[in-house]
Amino acid sequence: MTKQTKITATEARIPLDRLTLSTLNPRQDVPQADVIELAESIWTAGLIQNLSGLADDEGGAEIVAGGRRLRALKYLAEQHPDMAETHPELASPMVNLAPDRTTGEAWATTENIARRALHPAEEIRAYGKMEQGGSTPAIIARAFAVTEKHVYRRLALAHLPAPVLDALRADEISLSNAAAFTISDDQKRSLEILEQVRGESQSDYNIKRMLKPDAVRGTDRRAIFVGEDAYMAAGGRIGGDLFDDESLFDDPEILDAVFQEKLDAVAKLLRGKGWKWAEAITESYIGYHTIEDRKFERIYAEQGDLTEAETERYDELAELAEGDVLDEDGEAELAALQEKLDGMFSAEQMAVSGVMVYVDRDGRLQGSDGLVAREDKAAAIEAGFLRKPTRIEDDEPKSPISQKLADDLGRIAQGAKQHAILRDPDLLLDLLAFQLSHALNWKNPLGLSLTDVPNWPSTEAEGYALDEKLTANPPRDMWEIKDLAASFRAFRKKGADHVRGELTRFLAAQYRGGDEKLAALVEKETQPSIREVWTPTAENFFKRVGGPYLNDLWSDLLGLASGHATITAFEKLKKSEKAEKLESLFADPATRSALGLTEEQQDRIAAWLPEGMA
């Protein structure tokens, strides 16, 4: 076997006057404008890539690759007669010499085989030198045969401290790591962080956090609410992540101060509109515990009704808003109609209640209104906005209804809502389409849940009857089904009515109710009635509360004062007898007839619900 010899090229500096263009070179004709542009680049940034050629017999070379560069160098020699003294490396450029003509022909054909790929650090420095020499990004792009966008991104790094570019050239940091340093204008800090991350394979995010640990991103809710103009007017500095196209608020103390000031101004404006008090909350939401811990009660505005013409106009404006084509006047008109639909607090209600304002996670101003503080409860009760609490003796439990019973009643109330919404399949499908087509994410405003929504009491369910579509034929267990396609074909064969029915009944079963205003809208349209699906019985309610509670209930339902013979007789009964008698009162028309109940008393019984369930 013949041993093959590895052929290698050599390098040599050869004076320009001994370099000629080979007939093998593919660039025989080059526009003079291109030559001049390249000459400007070489004069500013140097000759980044060697010429390639074949040595001749007179100490010169014929250039087979790099013809445009050769022309640019000769043009510079004409323009700068002293180039040999000022730029000797250009007057005698480095040439890669092919070992033989066959290799030279290969170089001439491929053009790029002898070129060295430019390291990003060298490219950045070359672009920077050209920019300093007056070259525009367009000129730089043409000179290096790259896009202007590429040039702009490299120039963004050209002003980094030299040690950062040195670390990039040594491959101690990545190009994206270097880009992370552009957010900092503190060179001392940048160099300190550079020493910490050299060769450590740090993420870009970590480097940014190390450079500006306290900076707040422009997507932060506080930054969105305040805005750059107000923040900068207060003396705040804006930094920038050039590669993420995101602003950085470099002075969090100023941002927080302006944020609080703007929130306080909103609260002051609300107090001026009639609320007794308004408080600015810096958190991103007002939780349940905030209301509970401060012992607030809540009153609600009366929900308004639109006329037929207003409803038609509301739908028209809402459709325009959905298509993002509603003008400013239309937005104001829609807001006014929405305000009327949502209802308004009266001056008397606002005089005994207040509002908390806060900024949510998306930077939008939100409020929780109609909050009655402890010191205002008496006035709110006197005005008829709150019910007077029932006096509870110290030796009695705080509530006659146990937590377990309260949970069961809550499930029944949920079932009543599902039972009602099942009657309106179009509403369910509209809700589903709205939730799927809008990026509602964590807000879950519709309450369409993928998990189980309890609607059945945990114990005795006597006297409770939902639409059987909510209780019969639960979802099939598909664990053992191996051919889902066959199962799906069988499902479709049952017809469109069956498919639609299955969809709506399972949507109803997953309806939890979510956003307060939207849930109120749904209830207004569906009119759920707990007593439609639930009647109190001895087992499901009366036996689960105390005897004194049953005595008071019997008295309240019949509208009789303490000491009346009917009340006295009832109080002497055993608890189980009381429970059965109350069950008969609710369920048996003969019992109500025997007692000679008036129409008012019968209406009271038909509408009664345990406290907290209405």
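What follows is a short briefing, grouped by topic.

Keep in mind that this is a predicted model. The protein chain has 614 residues, and 37% of them count as buried. Its secondary structure comes to 31 helices and twelve strands. As for contacts between residues at least 6 apart in sequence, 71% join residues at least 24 apart.

**Strand S3 and its neighbours**

- Strand S3 covers residues 51-55, and four of its five residues are buried, so the rest of the structure largely encloses it.
- The hairpin of S3 and S4 has five residues between the strands, and in it Gly-59 takes a positive phi near 85°.

**A closer look at Leu-54**

- Leaving aside residues up to four places away in sequence, Leu-54 touches Leu-24, Gly-60, Ala-61, Glu-62, Val-64, Leu-97, Ala-98, Asp-100, Arg-101 and Gly-104.
- Gly-104 is 50 residues apart from Leu-54 along the chain, yet their C-alpha atoms are separated by 6.2 Å.

**The four-stranded sheet**

- Here you'll find an open sheet of four strands, in the order S9-S11-S12-S10 and with mixed pairing.
- Which strands sit at the edges? They are S9 (277-280) and S10 (297-298), each of which pairs on one side only.
- S10 pairs with strand S12 (residues 365-372) in the antiparallel sense, over two bridges; Arg-298 has Leu-371 in S12 as its bridge partner.
- Helix H15 (residues 252-272) packs on this sheet and touches S9, strand S11 (354-359) and S12. The direction of H15 makes about 165° with that of S9.

**Two helices, each with a buried face**

- In helix H12 (residues 204-211), the buried residues are Ile-207, Lys-208 and Leu-211. Looking down the axis of H12, they fall within an arc of 100°, so they line one face of the helix.
- Ser-203 caps the N-terminal end of H12, with a side-chain oxygen 3.1 Å from the backbone nitrogen of Asn-206.
- Helix H22 (residues 425-437) has 13 residues and reaches 18 Å from its first C-alpha to its last, close to the 18 Å expected at 1.5 Å a residue.
- Buried in H22 are Leu-427, Leu-428, Leu-431 and Gln-435. They cover an arc of only 100° around the axis, so they end up on the same side of H22.
- On the other side of H22, Asp-430, Leu-436 and Ser-437 are exposed.
- What covers the buried residues of H22? The cover includes helix H21 (403-421), helix H24 (496-509) and helix H25 (516-526).

**A buried glutamine**

- Gln-601 is in helix H31 (residues 599-607), and at 14% relative accessibility it counts as buried.
- A polar atom of the Gln-601 side chain lies 2.4 Å from the backbone oxygen of Leu-558.
- Not counting residues up to four places away in sequence, Gln-601 touches Leu-557, Leu-558 and Gly-596.

**Two positive phi angles to spot**

- Most residues other than glycine have a negative phi.
- Lys-295 is not a glycine, but it has a positive phi of about 60°. You'll find Lys-295 in the loop between helix H16 (288-293) and S10, and at 45% relative accessibility it counts as partly exposed.
- Gln-527 is not a glycine either, and its phi is positive at about 50°. Gln-527 lies in the loop between H25 and helix H26 (530-533); with 52% relative accessibility, Gln-527 counts as exposed.

Methods. Residues numbered from 1 in each chain as written. Predicted model: local features only at pLDDT ≥ 70, side-chain atom pairs only at ≥ 80, totals over all residues. Heavy atoms only, no water. Buried < 20%, exposed > 50% of the residue type's maximum accessible area, 1.4 Å probe, protein only. Arc of directions from axis to C-beta. Polar contact = N/O pair within 3.5 Å; in protein donor to acceptor, adjacent residues only side chain to side chain. Pairing = 2+ DSSP bridges. Contact = heavy atoms within 4.5 Å. Axes fitted to C-alpha atoms, helices over the stretch in contact; angles between N-to-C directions. Expected span 1.5 Å × (residues − 1).
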